[in-house]
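Work through the exercises below with the sequence and the model side by side. Try each task before you read its solution.

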Amino acid sequence: MAKSSADDEELKRACEAAIEGTKQKIVISIRVAKSRGIWGKSGKLGRQMAKPRVLALSTKSKGQRTKAFLRVLKYSTGGILEPAKLYKLKHLSKVEVITNDPSGCTFTLGFDNLRNQSVSPPQWTMRNIDDRNRLLLQILNICKDVLGRLPKVVGIDVVEMALWAKENAPTVTTQRNLQDGPVAATVTESDLKVTVERELVSQAEEEDMEALLDTYVMGIGEAEAFSERLKRELLALEAANVHAILESEPLIEEVLQGLEAATNCVDDMDEWLSIFNVKLRHMREDIESIETRNNKLEMQSVNNKALIEELDKLLERLRVPSEYAASLTGGSFDEARMLQNIEACEWLTGALRGLEVPNLDPAFANIRAVKEKRAELEKLKTTFVRRASEFLRNYFASLVDFMIGDKSYFSQRGQLKRPDHADLRYKCRTYARLLQHLKSLDKNCLGPLRKAYCSSLNLLLRREAREFANELRASTKASRNPTVWLEASAGSAQSANTADTSSVSDAYAKMLTIFIPLLVDESSFFAHFMCFEVPALVPPGGLANGKGGSHDLKDDDDDLGIMDIDDNDSKSGKNPADLSTLNESLQDLLDGIQEDFYAVVDWAYKIDPLRCISMHGITERYLSGQKADAAGFVRLLLGDLESRISTQFARFVDEACHQIERNERNVRQMGVLSYIPRFATLATRMEQYIQGQSRDLVDQAYTKFVSIMFVTLEKIAQTDPKYADIFLLENYAAFQNSLYDVANVVPTLAKFYHQASEAYEQACTRHISMIIYYQFERLFQFARRIEDLMYTITPEEIPFQLGLSKMDLRKMIKASLSGVDKSIAAMYKKLQKNSTSEELLPSLWDKCKKEFLDKYESFVQLVAKIYPNENIPTVVDMRNLLASM
């Protein structure tokens, strides 16, 4: 019998997944067919088309209470169960088996909380009676244990249910609520039989019992008469049965005689069959013996045939073709013969792999013939690797010697020659696949080959760089700019010298434009040609320096035309050990070429030190374009060039700072120092040279320049304290005026601009205060004495102090303010005498008048507070007097 869907754990898990998150536990799940009854004209219940559904009983514990639910699940378009309807079992009022279904597998469930009772409830059809009984018993069991009551059951045979429950008594688990919460209790369905026999009575059985009772028209008091009548009828029936049995005795005797005769025949037949069985057993043993011998012979024949086939294959593997042996031991390495050599290498590689255990049966590995053949192949491999390595070392040296001997490959006087290695690489590509096979045969042979290639090509690259750099410097015409920018003794003509030296930085850029892509391409070609397992140096279609048109070779040098002899793509691999070895080899390949780059940098510095700024930016741009690991030496070269340029520029900055500091040695400085306007010219020139990432370099120079300038300015001012303030304010004002335009666009200079502005304001305040106190010393000293006393005594007591009486006030006013216009004119003359800059005088005089009025106003307020009845010139009078002068 097919397995019941109630035992399908996969169905149960699918139901649990469908109601995940509801905290409900599935007790039983079973597949059913759903149909809906309709009322026809005949009054009988029909059914529509059945739909597959899954009925699942679930429980949910909440504290000491347990709720029970009946869930209907349907299949979605993807075959996944999803909830369709949910019924609460506490509302289950009726369970009815449909009598119109002959199988008895169809039933309905009535719930008392459905809104529309006029619609007939759905009908559920099970696969068999067992599934129906199992589901209904589970429903009734849960109703009894959880809800404490049973629904009305109609149409079920009580005896049938009791017998089924007795025969099918698997262990089931029910939930019982105790004081401490729900506890799982194990019962058998035989225990549930009591419930079925006691409470499950179908409607038909009730009707039969009523009909039986109706045949006996008796009252309640006639129970004893009714019992006696039933006993009499029972006795009559038993007597009739006994009589029928006695009447059939002759027939029984006849049947017994026939059975006796048949038993004798069966005994005879059994004896004959035992004899035949012994004979057949002997024959069967003889046949089995014959079949065993035949099977052994057949197996031996098959094994012999398979052994012969394997030996033939092994002999084929061990055979060395004569043409391959000739190529491996004494063939030529000329270009015309390379195809035969490659084929021989491929055969040798395949033959060696074929004799290894993964590709060869382990049983053959220890055969003497196999060992001897493996030793022969190893000898062939060693001979070929030695011959090929010696040829390639000599070939690389001869190629480079030929190019060095031909002067047309290099730059000459009056002609700059771009290095072209297309022909060299084309000739090397001829042996690219040979190198790959040599690597697969013996990795150790590549080390000497790489050193030989690097040694030969290094001579060529250094010669090309030296000739190119020499001709580049010789063909570049540029007048030298002064290296002394901020010297006090230098003439003003030097600062005005702005000769165009852009050709110097253009020459440096040209050197990088020609050689950096060349070195990157050589590094990439070397990495792939010499079989390093590193990522591609320059991606297909990409450029080494990030600039279009920097190098246009006739073909893509990264594509060597080499097919990977292994199944996997070695170019996509990344071996850290190979990467380290590659960088060491690149050091040998390109070492020494940096000296020619240094020579160009030093030459450019001598012509115009400020060109270090633009060269720094050019180098930084190329450095940011080198991202590939295989270009390790190129990045180191660019980094060294950047450090060299920074060092040269730092040298220029240090010399300029020493020039500034030498101003301090002069005996006496008056007016604006010469290095302040010259620094403005220098800063403007430096801004014109900035390219790319050189802003930090220039900002550091600005910081060092201005810091030294301000420190030197303060030191010079201290040599003559009498004129220190006027000296400082004039120089700080000149610094602001000369750098106003540049500071608006350079944040670093803007910071120093504001610093100079603050120092200028402080120097102005000190100088103006000195001039005011010089002319009105008694007036403001009197005020200061009053202010000092106000901290210790009351204002009313001050006029009685010595020297602060009203008479003293009147004498001081008369001495200080009589002829005040002459005193103010003297202030102006003194300010004019000390100042060497006519442009600053109006603003200084305005500041002086404002400062004087502020001080005088505070004096008037002080007098009004201490001497309320004294008359002195008002602030308005003093303002009008200053305005009229």
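The exercises that follow concern a predicted model.

**Exercise 1. Cores**

Find which residues have the most contacts inside the largest nonpolar core.

Solution. 
- Start with the core itself: the largest one has 169 residues.
- Phe705 and Phe859 have the most contacts inside this core.
- Helix H16, residues 502-529, supplies 16 residues.
- Then turn to the domains. Domain 3 (330-480 + 503-530) and domain 4 (667-884) each give at least three residues to this core.
- Finally, look beyond it. A second, separate core has 33 residues, including Leu57, Trp124, Ile139 and Val153.

**Exercise 2. Cysteines**

State how many disulfides the model has, and decide whether Cys105 is buried or exposed.

Solution. 
- A disulfide needs two cysteine sulfur atoms within 2.5 Å.
- With that cut-off, the count is zero disulfides.
- Now check accessibility. Buried means under 20% relative accessible area.
- Cys105 has a value of 4%, so Cys105 is buried.
- Cys428 has a value of 1%, so Cys428 is buried.

**Exercise 3. A nonpolar patch**

Name the residues that make the nonpolar surface patch of about 550 Å².

Solution. 
- The patch is made by Met269, Trp272, Leu273, Ile275 and Phe276.
- Now read its accessibility. Phe276 has a relative accessible area of 45%.

**Exercise 4. Two single residues**

Decide whether Val634 is buried or exposed, and then do so for Lys23.

Solution. 
- Val634 sits in helix H20, residues 632-661.
- Its relative accessible area is 0%, so Val634 is buried.
- Look also at Leu623, which is 11 residues from Val634 along the chain. The C-alpha atoms of this pair are 8.6 Å apart.
- Lys23 lies in the loop between helix H1 (9-18) and strand S1 (25-39).
- Exposed means over 50%, and Lys23 has 74%, so Lys23 is exposed.
- Check the backbone of Lys23 too. Its phi is near 60 degrees, a positive value in a residue other than glycine.
- For comparison, most residues other than glycine have a negative phi.

**Exercise 5. Salt bridges**

Work out how many salt bridges the model has, and which residue pairs with Arg425.

Solution. 
- The cut-off is 4 Å between the side-chain nitrogen and the carboxyl oxygen. The count comes to 12 salt bridges.
- Arg425 pairs with Glu522, with the closest N and O atoms 2.7 Å apart.
- Arg425 is in helix H12 (residues 422-429) and Glu522 is in helix H16, so this pair ties together parts 97 residues apart in sequence.
- Both Arg425 and Glu522 are buried.
- Now take Arg651 and Glu655. Their closest N and O atoms are 3.6 Å apart, and they form a salt bridge.
- Arg651 and Glu655 both lie in helix H20, four residues apart, or about one turn of the helix.
- Arg651 is partly exposed at 43%, and Glu655 is partly exposed at 32%.
- Last, Glu687 and Arg695 meet in a salt bridge at 2.7 Å, N to O.
- Arg695 is partly exposed, at 25%.
- Shared partners join Glu687, Arg695 and Asp699 into one network of salt bridges.

Technical notes: Residues are numbered from 1 along each chain as its sequence is written. This is a predicted model: local features need pLDDT of at least 70, side-chain atom pairs count only at pLDDT 80 or more; totals for chains, interfaces and linings use all residues. Side-chain values use heavy atoms; hydrogens and water are left out. Buried means under 20% relative accessible area, exposed over 50%, partly exposed in between (1.4 Å probe, protein chains only). A nonpolar core is a set of buried Ala, Val, Leu, Ile, Met, Phe, Trp, Tyr and Cys residues joined through side-chain atoms within 4.5 Å. Helices (H or I, at least four residues) and strands (E, at least two) are DSSP runs, numbered from the N terminus. Domain bounds come from an automatic or database domain assignment. Patches are made of residues with over 30% relative accessible area and no salt bridge: like charges are joined within 9 Å, nonpolar side chains (Val, Leu, Ile, Met, Phe, Trp, Tyr) within 5 Å. Accessible areas come from the Shrake-Rupley method with a 1.4 Å probe; for residues, only the protein chains shown count as cover.
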